[in-house]
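Here is a short briefing on one protein chain. Keep the structure open as you read, and find each residue as it is named.

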Amino acid sequence: MFDQLSGFPLAGSALLAAGIYAGASLFITGPIVGERTIIKSGWAESCPRHIRDQAEAHRPSATKMPNIDCAAVLGTIYGTQGEAFCRRYGGALPFGNLLGDLGRMQGDANQSRIARSASTATTRCDCAVNVVLEERRSAFAIYAGSFRLITPRPVKALGSELDVALNSSSCAMKE
């Protein structure tokens, strides 16, 4: 087969060498250079912080629960006589702390959700790195094969590529 290529300006062995070099760039040096470029960008250190900030930004607003006690209820209805009754017989109402307990439970649930997001951050960050390295393999191969003289668009916009991969359905399900 390579005997038929001898009529081309490039000899068959040069074409074979270029093919081997392209294959090595695609499967060996491209992913290595991609990994090192991601490490050098510092994204691995900022990714968990980004996930935590994102979880805090999507935190539902805490509703302010009113304080309901005897003075608040009877004082509103009966005025000073109701407040005097509460001082004399005690201010505790059955289920009086229910709203406060619900507010605390809501706050605890939000904190546990943020903590869970922070604990799975490394898994999601690793997933995003792997997705970018796999989906942009040819871009990293061109970048590595050209000795970093040609910088394809996905390599230039590496941070946004990683953010898109982090929020993709395949990495968001790692929580």
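This is a predicted model: local features need pLDDT of at least 70, side-chain atom pairs count only at pLDDT 80 or more; totals for chains, interfaces and linings use all residues.

A disulfide is a covalent bond between the sulfur atoms of two cysteines.

**Disulfide of Cys 47 and Cys 125**

- Cys 47 and Cys 125 are joined by a disulfide, with 1.9 Å between their sulfur atoms.
- Cys 47 sits in helix 2 (residues 43-57), and Cys 125 sits in helix 6 (residues 121-135), so this pair ties together parts that are 78 residues apart in sequence.
- The link of Cys 47 and Cys 125 is left-handed, with -95 degrees about the S-S bond.
- Are these two cysteines buried or exposed? Both Cys 47 and Cys 125 are buried.

**Disulfide of Cys 127 and Cys 171**

- Cys 127 and Cys 171 form a disulfide, with an S to S distance of 2.2 Å.
- This pair links distant parts of the chain. Cys 127 lies in helix 6 and Cys 171 in helix 10 (residues 169-172), 44 residues apart.
- The link of Cys 127 and Cys 171 is left-handed, with -85 degrees about the S-S bond.
- Cys 127 has 11% relative accessibility, so Cys 127 counts as buried. The cut-off for buried is under 20%.
- Cys 171 has 0% relative accessibility, so Cys 171 counts as buried too.

**Helix 2 against helix 6**

- Helix 2 and helix 6 pack at an angle of about 120 degrees, and their axes are 9 Å apart.
- That angle makes helix 2 oblique to helix 6.
- The crossing of helix 2 and helix 6 is right-handed.
- On the helix 2 side, the contact uses Trp 43, Cys 47, Pro 48, Ile 51 and Gln 54. They meet Ala 121, Arg 124, Cys 125, Ala 128 and Val 129 of helix 6.
- The residues of this contact divide into 8 nonpolar, 1 polar and 1 charged.

**Helix 1 against helix 7**

- How do helix 1 (residues 12-41) and helix 7 (residues 137-145) pack, and at what angle? They pack at about 95 degrees, with their axes 7 Å apart.
- That makes helix 1 roughly perpendicular to helix 7.
- The residues of the contact of helix 1 with helix 7 divide into 9 nonpolar, 7 polar and 1 charged.

Terms used
Residues are numbered from 1 along each chain as its sequence is written. Side-chain values use heavy atoms; hydrogens and water are left out. A disulfide is a pair of cysteine sulfur atoms within 2.5 Å. Helices (H or I, at least four residues) and strands (E, at least two) are DSSP runs, numbered from the N terminus. Buried means under 20% relative accessible area, exposed over 50%, partly exposed in between (1.4 Å probe, protein chains only). Axes are lines fitted to C-alpha atoms, for helices over the stretch in contact, and angles run from 0 to 180 degrees between N-to-C directions. Angles under 35 degrees count as roughly parallel, over 145 as roughly antiparallel, 65 to 115 as roughly perpendicular and the rest as oblique. A crossing is left-handed if the near helix is turned anticlockwise from the far one by less than a right angle, and right-handed if clockwise. Contact means heavy atoms within 4.5 Å. Ala, Val, Leu, Ile, Met, Phe, Trp, Tyr, Cys and Pro count as nonpolar, Asp, Glu, Lys and Arg as charged, and the others, Gly among them, as polar.
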